[in-house]
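Me: Could you walk me through this model, one question at a time? I'd like the cut-offs along with the answers.

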Amino acid sequence: MKTSHPIDTHLQKARVHPSVRAIVIPPCPESLVRLQQIVAAPELDSGALEQLASSDVALAAALIRQANSPLFGLAQPVQTIGMALTVLGLNPAVELLSAFITRNALMVRSPLLEHFWESSQRRAIACEHIGRQLYSFDPGLGYSFGLFCHVGMPVLVKAVRGYGSTVTEALARKDRTFTQTENANHHTDHAVMGAIVARTWHLPGDVAQAIWLHHDFAALQDERFNPTVRHLVALGLLAEYLVNHHDSLQPTRDWLQHGQACMDHLAVSEEELDHWVDELHPAFEAVRF
């Protein structure tokens, strides 16, 4: 299922570092493996999706709850998985299931991560939406990238003593980047760990490479990386801006320093960005765990 990619050599080197070797990477959940097999088939099989969702009460409830959200404004509530799939559409259902399975597999109780999964799914929705505007780009890659972009954080919160304090410090410091603070304290960072999780869980190499680079905006001009990877890095920062705007948070330092470069890279105007703020509002509001 997983074809070789240049990122794999870098990940192998990262994984033998003592600071990383001690961190347990959760195995890919069986339900996500099954979902990936369904998606890999020549045609998306609604029966197979329904069977997968029916195998787990929580998965079934997540689909039905989303179909009954105000986003769809149904006169009569959905009561079956089959009806929920019809309302949602097969691809959105796949994305919802992927988000739900990922969240449950990496769930960590921490005040630091209180709104983490809502933000992750909103980022995924925004990445996919921006990806749809790009010529010859698979928006599904955007969704996967957005969802997994920060999954290194719950892994590090669970595995590394003092990581919560590092996040607080990294957010406050003005003299170095977030990942520089992580590396100074722990000899690894959430971008590297996120890339390792992505490849362990059979995501495409381009997605894993973009996760590794998502705070490294010099990559936008680096032709060693293919255009898909560079597009993902750029649209990831635009998506973060859109999510933060929705959540009434101030723009990040990354946005203030590199937002314009990412907009230029994707040929996105201020007017388009403002339009997406309004256009994505209903979908962002519908994200509830």
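This is a predicted model: local features need pLDDT of at least 70, side-chain atom pairs count only at pLDDT 80 or more; totals for chains, interfaces and linings use all residues.

Me: Which helix holds Glu 270, and is Glu 270 buried, partly exposed or exposed?

Reply: Glu 270 sits in helix 17, residues 270–279; helices are DSSP runs (H or I, at least four residues; strands are E, at least two), numbered from the N terminus. Buried means under 20% relative accessible area, exposed over 50%, and partly exposed in between (1.4 Å probe, protein chains only). Glu 270 has 45%, so the label is partly exposed.

Me: How many salt bridges are there?

Reply: The rule asks for a side-chain nitrogen of Lys or Arg within 4 Å of a carboxyl oxygen of Asp or Glu. By that rule, the count is 7.

Me: How far apart along helix 8 are Glu 128 and Arg 132, and what is their N to O distance?

Reply: The two are 4 residues apart in helix 8, so about one helical turn separates them. Glu 128 is buried at 12%, whereas Arg 132 is exposed at 54%. Their side chains meet in a salt bridge with an N to O distance of 3.2 Å.

Me: Which residues join Glu 169 in a salt-bridge network?

Reply: Glu 169 pairs with Arg 173, with the closest N and O atoms 2.9 Å apart, and Arg 173 also meets Asp 175 at 2.7 Å, N to O. Glu 169 is partly exposed at 26%, Arg 173 is partly exposed at 27%, and Asp 175 is exposed at 55%. Through shared partners, Glu 169 ends up in one network with Arg 173, Asp 175 and Arg 176.

Me: What does Thr 102 contact, leaving aside neighbours within four places in sequence?

Reply: Thr 102 belongs to helix 7, residues 90–105, and counts as buried because its relative accessibility is 0%. Contact here means heavy atoms within 4.5 Å. Outside its sequence neighbours within four places, Thr 102 is in contact with Leu 32, Trp 117, Leu 147, Phe 148, Val 151 and Trp 201.

Me: Where is Thr 188, and what does Thr 188 contact beyond four places in sequence?

Reply: Thr 188 is in the loop between helix 12 (178–186) and helix 13 (190–200). At 5% relative accessibility, Thr 188 is buried. Leaving aside neighbours within four places, its contacts are Ser 19, Val 20, Ile 23, Leu 156, Glu 182, Asn 183 and Met 193.

Me: What is the phi of Ser 136, and what is the phi of Ser 248?

Reply: Ser 136 lies in the loop between helix 8 (116–132) and helix 9 (139–148) and is exposed at 68%. Ser 248 lies in the loop between helix 15 (227–246) and helix 16 (253–266) and is exposed at 66%. Neither is a glycine, yet phi is positive: near 50° for Ser 136, and about 60° for Ser 248.

Me: How far is the C-alpha atom of Leu 88 from that of Phe 178?

Reply: Leu 88 lies in helix 6 and is buried, with a relative accessible area of 10%. Not counting residues up to four places away, Leu 88 touches Leu 63, Gln 66, Ala 67, Phe 72, Ala 93 and Leu 96. Phe 178 is 90 residues from Leu 88 along the chain, and their C-alpha atoms are separated by 37 Å.

Technical notes: Residues are numbered from 1 along each chain as its sequence is written. Side-chain values use heavy atoms; hydrogens and water are left out.
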